[in-house]
Amino acid sequence: MLHTALGLNGAMSAPHRAAALAGRDVLAEGGSAIEAMVAAAACIAVVYPHMNGIGGDGFWIVKRPGAAPVGIFAGGAAAALATPDWYSERGHAAIPARGGAAALTAPGTVDSWRAALDLVDGAPLPLSRLLEPAIAHAEDGIAVTGNQSRTTADKLDGLRAVPGFAEHFLIDGRPPATGRRLTQPALGDTLRRIGRDGARAFYEGEIAQAHAAFLEAHGSPLRAGDLSAQTARQVTPLALDTRWGRLWNMIPPTQGVASLMILGIYERLGVDAPEGFAHVHGLIEATKQAFLLRNAGLGDPSSMSEPASDWLADARLDALAARIDPGRALPWPYEPKEGDTIWMGASDRDGTTVSFIQSVFWEFGSGLTCPDTGVFFQNRGAGFSLAPGPNRLAPGKVPFHTLNPAMAELTDGRVMAYGTMGGEGQPQTQSAVFTRYAQYGQDLQAAVTAPRWLLGKTWGQETTTLKLEDRFDPSLVAALQDAGHDVETIAPFSDLAGHAGAVVHHPSGLFESASDPRADGAALCL
């Protein structure tokens with residue numbers, strides 16, 4: 001059985017142990033949670049490439065003691081050439097999921113590192129120091145995880161022919177076996193140049209020129225001007241007040257508002273005990289109500305008919321909760337969103353706490369990998385629609401994002417950063433972990449380890465069932481089926497249920513950290 005990590009000088013959680021260690025070492029040197037997260041973000045882009053990379057996007061929520069949290073939004077904007085006509089003229093009825101035409105939004109995450117380090121009090125540690133672990137893993141090689149090996153094999157049919165993918169992520173033309181050494185020297189050199197010249201070197205100069213030429217040659221609408229125009233920006237996270245404390249999440253076009261809505265709706269159901277029918281059914285039905293509104297109206301804020309904050313108003317949440325039948329499932333399905341991601345959390349001895357998420361959308365993103373830089377580009381733009389609506393493709397527009405880093409300040413002063421990968425499942429897993437820990441008082445690691453569910457399809461799944469890990473009590477499963485839920489059993493520790501984690505800082509100075517046994521990560525405290 002896993003146990004919550006405890007400490008008095010900081011905490012780190014990541015879905016790969018090397019990334020957790022990179023962040024832990026920065027904290028041990030006296031660095032801040034922000035600096036630790038930059039080190040972990042660069043490292044995990046190397047050691048967990050099927051889940052994320054520096055060719056993707058990133059989002060932060062940073063909470064300092066006694067201060068309101070700051071959000072960093074680094075979602076890449078669509079290229080200036082990216083219009084519905086551009087795609088239709090090239091014979092595309094929809095935006096492709098792989099290859100050059102799928103790479104249509106600028107990568108945002110590297111500039112998010114710059115924006116985050118700007119928040120550090122005093123002079124931050126040199127970027128070159130923070131990127132050292134990532135560079136070492138890229139140049140010396142990583143031991144391929146079982147998760148990466150399986151994912152590469154599962155997704156190979158759609159990726160094998162994409163330029164650059166096979167050369168960088170296959171060995172002898174085949175998915176690397178678990179434990180094989182995989183080196184990424186070109187990526188190591190790119191990270192070394194970023195460490196030397198700063199994060200903006202990724203967007204301007206030789207790296208950007210190499211990317212622009214490669215992208216254009218392989219059918220992407222991205223150009224050098226799109227890369228140089230990409231900048232991260234500070235934002236005010238969405239907030240929701242509950243009886244458990246104040247909760248924050250990321251603004252649209254992320255689905256952070258849906259994560260908050262689920263918890264706001266669930267609070268109104270008055271469920272007073274965990275793990276029974278009322279708990280699981282209540283969260284599932286709250287998810288349905290939040291997702292119906294999300295799917296109909298969430299997109300780039302400039303295209304939404306009303307601001308997302310209106311969805312968090314008391315009257316709105318009251319009305320949505322009133323639609324829930326406490327004993328009967330709402331008929332499903334709906335049109336789901338896909339996605340692929342990593343979440344990491346950190347907290348330092350001064351109490352600064354970070355919730356961070358980084359993604360390339362699908363596994364390995366577009367698959368398009370630049371041989372000169374080792375960077376593969378996200379396919380987040382595949383989330384756009386070519387049809388009219390709030391998520392219709394337009395130059396400069398940001399697509400729907402499943403990414404949503406979560407943060408909470410509980411009524412007793414504890415600060416909790418939590419989150420998960422898993423696309424469509426992110427808000428669902430967040431609701432399970434948060435209610436188990438914050439509402440019902442379960443141990444933090446137990447709240448992460450406990451069996452979870454997924455409503456709908458994600459990660460390429462075709463079914464829209466309610467998927468339950470097969471560790472649930474059979475009587476609960478039967479009750480859910482009797483209530484009308486279309487139940488499907490999945491593995492006891494399934495990737496479909498996400499790779500969650502959490503860190504908590506107590507007013508007493510205690511730190512807690514938890515990591516998901518479904519991933520390859522670690523929860524570390526100092």
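**Sheet and helix packing in a predicted model**

Helix 1 passes helix 2 in a right-handed crossing, meaning that the near helix is turned clockwise from the far one by less than a right angle. This is a predicted model, in which local features need pLDDT of at least 70, side-chain atom pairs count only at pLDDT 80 or more, and totals for chains, interfaces and linings use all residues. Residues are numbered from 1 along each chain as its sequence is written, and side-chain values use heavy atoms, without hydrogens and water. Helices (H or I, at least four residues) and strands (E, at least two) are DSSP runs, numbered from the N terminus.

**Helix pair**
- The axes of helix 1 and helix 2 are 8 Å apart, at an angle of about 155 degrees; axes are lines fitted to C-alpha atoms, for helices over the stretch in contact, and angles run from 0 to 180 degrees between N-to-C directions.
- Helix 1 is therefore roughly antiparallel to helix 2 (an angle over 145 degrees).
- Residues of helix 1 that meet helix 2 include Ala22, Gly23 and Val26; contact means heavy atoms within 4.5 Å.

- Seven strands form an open antiparallel sheet in the order 7-4-3-11-10-2-19; strands pair if DSSP finds at least two bridges between them.
- Strand 7 (233-235) and strand 19 (522-525) each have a single partner strand, so one side of each lacks a neighbour in the sheet.
- Strand 10 (residues 341-348) pairs with strand 11 (residues 353-359) over seven bridges.

Key
Angles under 35 degrees count as roughly parallel, over 145 as roughly antiparallel, 65 to 115 as roughly perpendicular and the rest as oblique.
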